[in-house]
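I opened my notebook to record what I looked up in this structure, one entry at a time.

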Amino acid sequence: MTGSAPSFSRRQLFTATGAMAVGGVALATLAGCSTPAPAKTAMWTPPATPMAFPKGYVWGAATSAYQIEGAWNIDGRGPSVWDTFALYSGKIADGSTGEVAADHYHRWKTDFDLLKTLGVGGYRFSLAWPRIQPTGSGAINQKGLDFYKQLLDGLAERSIRPAITLFHWDLPQPVQDAGGWPNRDTANRFADYADIVFGAFGDVDADWFTLNEPKTHAFNGYWYGNHAPGLTDPNAAAAAVHHQLLAHGLTVQAFDAQGVKGRVGPVLNLTPVSASDPAAADQTKNVDARENRLFLDPVLKGSYPTDAIGTENGQLPADPAQFASLVKEGDLKTISSPIGVLGVNYYGVAGVDLNGDEVQIHPTSTAEWEQIWAPGLYTLLTRIKREYKKVPILLTENGIPDDLLQDGVDDPQRIDYLRSHFQQAARAIEAGVPLEGHYVWSLLDNFEWAEGYTQRWGLTHVDFTTQKRTPKKSFHWYSTVIAANAVAPK
Ligand code: GCO
């Protein structure tokens, strides 16, 4: 059906049929959905000996501020859209908020010791804009900068390289009140905030990421309405796409102007799609445009695809003319300012039906939007290499939630998931993809957005009553991979 949100998208429950995730993995693909035929990738089998990674490959773990920090109103932090949404929308599965989360604000030393035990070379985390600039413009909150300075020093002491995300969806509420991302001025507000951060921490050698998953923030937040700020307006979502990308470009320019150490780039979540019906080629092309090229093309080619937005099945159902009118002269040049690194979040693939809806073609994790297909990672990375200019790539997120039947810290499904994805990463490197590191999502169980605390994505179990941390079996398994810089067959 034209004009509606896809039935099966990231963080939307799959409702089209009775597919059930059982024990973390759905039993079968759906009746009526043929299994896709990525013949070449499906036939690849990992070698019988361990696959080694290049020297210097960065093994890491990732988190984000709102999901772990807590301390939502401490030391001058202002409110963000996620505080508001969690408190008032009634859309969080367990009615929870990030007010305390994993209390990382007070327990970061314990958490950094976990990183050290794990043996990672890199840690990806985000800065909360409302901690640093509580109203999103004007006054700086020194205590916010001090908190992050402590974190950066704590990482340096442990010889762990920071990968710093400037924005992981926690927009200061006053910026939302002024219109949020559909308002062009938000891009300027963001660039000012980035300038503050670069002024404070520009001497830190890090991988800097501008915005995390502008797609999820725009689509889930402004179109599907299941994330903050909870709107359901496709035109607002399209504007949020453009203005986030503009903010990205302005931030890259600020990074260069301030001579910040390290490299900068965006974090994009990308999803290989394939037709679940042989007649759905056009719909699949549209979904690919909407999910992937709408973000890759402007950043890496300086142009928007023409098939992402419109009234055809599989497109973002916004008005293309209205979208075009937002794109001012010079915007695409700004957005395509040369980047030093591309962050890619990979969680799986999707099928596309005749309606342009995303449908299930592979088993899912307990996050029913997550269709597990490790060869899709190879497909995605080699596609980027083939179709775009060369840029170093970091996998900035990749992971799976606990199995429903899981007892505490025993998580064999996560070990299987990570192993198969590490193997596909090694395979992509062998094929010449400039992949330089892999950050597992996530270091800790945390506040999983609209799922609240009902989905646990951590390598480390967190008891949210006592805040006790307990490494899961996958944590120990991952540390052996890191130590060997190689992934062994099962
Ligand atoms: C994202 C975010 C993370 C999520 C993770 C699991 O990719 O959506 O970066 O915040 O928690 O992806 O859904």
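**Salt bridges and cores**

I began with Arg-77 and Asp-83, and I found that both of them are buried. The model is a predicted one, and in it the side chains of this pair meet in a salt bridge, with 2.9 Å from N to O. When I asked for the count of salt bridges, it came to 31.

Arg-383 counts as buried because its relative accessibility is 14%, under the limit of 20%, whereas Glu-387, at 33%, counts as partly exposed. I also checked the length of helix 14: at 1.5 Å a residue its 13 residues should span 18 Å, and its end C-alpha atoms are 18 Å apart, so the two agree.

I then looked up Lys-472 and Asp-402, whose side chains meet in a salt bridge at 2.9 Å, N to O. Each lies in a loop, and the pair ties together parts that are 70 residues apart in sequence. Lys-472 is buried at 0% relative accessibility, and Asp-402 is buried with 10%.

Last, I went to the largest nonpolar core, which has 130 residues, and noted Phe-422 and Tyr-478 among those that touch the most other members. Helix 10, residues 234-257, gives the largest share of this core, 11 residues. Apart from this core lies another one of 13 residues, including Ala-62 and Trp-441.

How values were computed
Residues numbered from 1 in each chain as written. Predicted model: local features only at pLDDT ≥ 70, side-chain atom pairs only at ≥ 80, totals over all residues. Heavy atoms only, no water. Core = buried A, V, L, I, M, F, W, Y, C linked by side-chain atoms within 4.5 Å. Buried < 20%, exposed > 50% of the residue type's maximum accessible area, 1.4 Å probe, protein only. Helix = DSSP H or I, 4+ residues; strand = E, 2+ residues; numbered from the N terminus. Expected span 1.5 Å × (residues − 1). Salt bridge = Lys/Arg side-chain N within 4 Å of Asp/Glu carboxyl O.
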